[in-house]
Amino acid sequence: MGLTLAPHTSPNDSAHATTVIAVRYQGGVVMVGDRQATGFYIASRDVRKIEPADHFTALAISGSAARAIELLKITQLSFEHYEKMTGSALSLEGKANYLSPIIQRNNLTSPLLVVPLLAGWDESNLVGRIFEYDGAGGCYERFDFAAIGSGSPFAEGTLRLGFRADLDREAALELGALALYEAGDNDPSTGGPDFVRNIYPMMVTLNEQGFQELSVDEVGERFRVINVRRTESGGVAGGALR
Amino acid sequence: MSNYFYVAPEQLIKDRAEFAQKGIARGRSIVAAIYDKGVILVAENPSASLNKVSEIYDRIAFAGAGKYNEFDRLREAGIRWADSTGFTYSREDVDARALANYYAQHLGDMFTEGQKPLEVEILVAQLGNKLRPTKLYRIAYEGTISDEPRFAVLGGDSETIKTRFAHAEESIEPLNVTLRNATNALAGPERTIPAAELEVGILEDRGHRRTFSRLSDVQVSELLG
């Protein structure tokens, strides 16, 4: 699994060839992530960049694949370890803060950068919450949406136009899929829907039921609808969010 | 100048064993048993937050009788051992037999070389899968491990409870029957233990990686019927 390969195969890479976005809605968070690992060539088409960190939390990764996977493993281990040792799970804020020093230590001592995105269901406050990080480990809560990776400018454009505070799950899934479609369309390091191989971006929801991943069929159908619309309009969004 | 008196090793071991046994006998007991779909651990425990039964790993549970602070430290060491082994190698390499040996060595060392022996009796339970069998390992205060075939009793009045449970449960039964037999064995003929004073944990496959779960007072009452 790789997002970017090591620097000698992909020099000067600071873009973290990826797009993963998180959108907050009434009752949870939607996350959408592309599936492509990029070096000088496409190294893999079916990478999972969003994984459950525990039952109520998802961690999305961008940057060096090796470091990102290590970060994911240590995070999963630590959350479970804390829960078993103390008999109760960490708070969502506690989980978000846990990552900061690890990112700082990695990014300030190594050219193999990693920038994650954490989203989860806050069991104490009964809301979905999103936390993004800068390269030095700074942790910032986002109350609307967040995007990481090289495709994030394109995804953010869509998110900024389409986001409303009162989105429901369905609207958030639709907006998330559209934002990722845009990123896949414009960013060479972001894999869009692959109708030939039947590989689609990952879509997950985090709500009171915990981490849930949408089936390949459901995700495929969502992207097929966008694709048909876009084909009809000749490849332009047509001045509307569609 | 201090004087050293000769104490025969037999006497030393006997004194230490008596000391540990007395400490363990003060606490209440625990029954662990295999039922048709998994492993159940039933402890008589009036506290809802100071646990005697807990999760160690995906398919491993722990129970401790005797001095709380001593077995809780062993529980923590077990979780640390299991999490670091699983992280370093693979989750499937975390094995209850290895953990039981780790505990046995520590208890054995404390018994012979420590300031005082640990006043605990612990149990490591493993839910089997295609790689490993379902197992109950009981580890005594001096480090003796016993591999218990169907059930194990820890703590104070263990011989009596063992006889009562063996008499009631002659074969592998479903969860509710095993829970009822374990509760009756712990209580004895003269009293009943209310659900709120039972701590119950189970290891059972329900499609998740982590198989341990605690049964709430409501679930326990329903199962006891």
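**Cores and contacts**

Colleague: Leaving aside neighbours within four places in sequence, which residues is Ala22(A) in contact with?

Modeller: Val29(A), Met31(A), Leu117(A), Ala119(A), Ile130(A), Phe145(A) and Ala146(A); contact requires C-beta atoms, placed from the backbone, within 7 Å. This is a predicted model, in which local features need pLDDT of at least 70, side-chain atom pairs count only at pLDDT 80 or more, and totals for chains, interfaces and linings use all residues. Residues are numbered from 1 along each chain as its sequence is written, with chains lettered from A and ligands numbered from 1 in the order in which they are written.

Colleague: What makes Ala22(A) stand out in the largest nonpolar core?

Modeller: Of its 63 residues, Ala22(A), Ile21(A), Val23(A), Met31(A) and Ala58(A) touch the most other members. Such a core joins buried Ala, Val, Leu, Ile, Met, Phe, Trp, Tyr and Cys through C-beta atoms within 7 Å; buried means 20 or more other C-beta atoms within 10 Å. Helix H4 (residues 169-186) of chain A contributes the most, 9 residues. Another core, apart from this one, has 61 residues, including Leu99(B) and Tyr141(B).

Colleague: How many residues does each chain bring to the contact between chain A and chain B?

Modeller: Chain B gives 6 residues and chain A gives 6. On the chain B side, helix H2 (residues 68-88) supplies the largest share, 4 residues; helices are DSSP runs (H or I) of at least four residues.

Notes: Contact = placed C-beta atoms within 7 Å. Helix = DSSP H or I, 4+ residues; strand = E, 2+ residues; numbered from the N terminus. Buried ≥ 20, exposed ≤ 12 C-beta atoms within 10 Å, placed from the backbone.
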